[in-house]
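Subject: Handing over the structure

Hello,

I am passing on the structure we talked about, and below it you will find my notes on what turned up. Please keep it open beside you while you read.

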Amino acid sequence: MVTKNRARLQFVCDGPVVEGDMAVPGTAQDRYTEWVRLYGAGPTVVIQLIAETDGREHVSRKWTAAGEVANSTS
């Protein structure tokens, strides 16, 4: 079982995606934090921190114009 750690950026909900897969969770967290700092003020931006295992995605953090939502459930 391999887990991919992913940061995903969309400037518009359901729009094109910029994302990166990282082997180390901390690296994905750093990219998420960087993107929130750079782009988080956008009124339509969606930034997510995701763990993918066996093809199933789990969004652990999500940033929108309304702020951050942390999801600790699996």
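**A buried glutamate and its partners**

E52 is buried, with a relative accessible area of 14%, where buried means under 20% relative accessible area, exposed means over 50%, and partly exposed is whatever falls in between, computed with a 1.4 Å probe on protein chains only. Before going further, please note that this is a predicted model, in which local features need pLDDT of at least 70 and side-chain atom pairs count only at pLDDT 80 or more, while totals for chains, interfaces and linings use all residues. Residues are numbered from 1 along each chain as its sequence is written, and side-chain values use heavy atoms, with hydrogens and water left out.

E52 is found in strand β3; helices (H or I, at least four residues) and strands (E, at least two) are DSSP runs, numbered from the N terminus. The side chain of E52 makes a polar contact with the side chain of R6, at 2.6 Å. A polar contact here is a pair of N or O atoms within 3.5 Å; within protein, one atom must be able to donate a hydrogen and the other to accept it, and residues adjacent in sequence count only if both atoms are side-chain atoms. Not counting residues up to four places away in sequence, E52 touches V2, T3, K4, R6 and E57, contact being heavy atoms within 4.5 Å.

**Salt bridges**

Side chains of opposite charge can pair when their charged atoms come close. How many salt bridges does the structure hold? There are eight salt bridges, each being a side-chain nitrogen of Lys or Arg within 4 Å of a carboxyl oxygen of Asp or Glu. One of them joins R6 to E19, with the closest N and O atoms 3.8 Å apart. Because R6 lies in strand β1 (residues 3–10) and E19 in strand β2 (residues 18–22), this pair ties together parts that are 13 residues apart in sequence. R6 is buried, at a relative accessible area of 5%, whereas E19 is partly exposed, at 40% relative accessibility.

Another salt bridge is formed by the side chains of E34 and R31, at 3.1 Å from N to O. Both residues lie in helix α1 (residues 25–39), three residues apart, which is about one turn of the helix. E34 is partly exposed at 30% relative accessibility, and R31 is partly exposed at 33%.

The side chains of R61 and E68 also meet in a salt bridge, at 2.7 Å from N to O. Salt bridges that share partners, moreover, join R6, R8, E19, D21, E52 and E57 into one network.

**The strands and the core**

β1 is mostly covered, since six of its eight residues are buried. It pairs with strand β3 (residues 46–53) in the antiparallel sense over eight bridges, and two strands count as paired if DSSP finds at least two bridges between them. In β3, the bridge partner of A7 is L49. β1 and β2 also pair in the antiparallel sense, over five bridges, and N5 stands opposite M22 in β2.

N5 lies in strand β1 and counts as buried, at 9% relative accessibility. A polar atom of the N5 side chain lies 3.3 Å from the backbone oxygen of A23.

Which residues make up the largest nonpolar core? It consists of ten residues, namely A7, L9, M22, A28, Y32, W35, V36, V45, I47 and L49; such a core is a set of buried Ala, Val, Leu, Ile, Met, Phe, Trp, Tyr and Cys residues joined through side-chain atoms within 4.5 Å. The largest share of this core, four residues, comes from α1.

**One aromatic pair**

A search of the whole structure finds one aromatic pair, where rings of Phe, Tyr and Trp (its six-membered ring) pair if their centres lie within 6.5 Å, and planes under 30 degrees apart count as stacked, over 60 as edge-to-face and the rest as tilted. The rings of F11 and Y39 have their centres 5.2 Å apart and their planes at 85 degrees, so the pair is edge-to-face. This pair links distant parts of the chain, with F11 in the loop between β1 and β2 and Y39 in helix α1, 28 residues apart.

With best wishes
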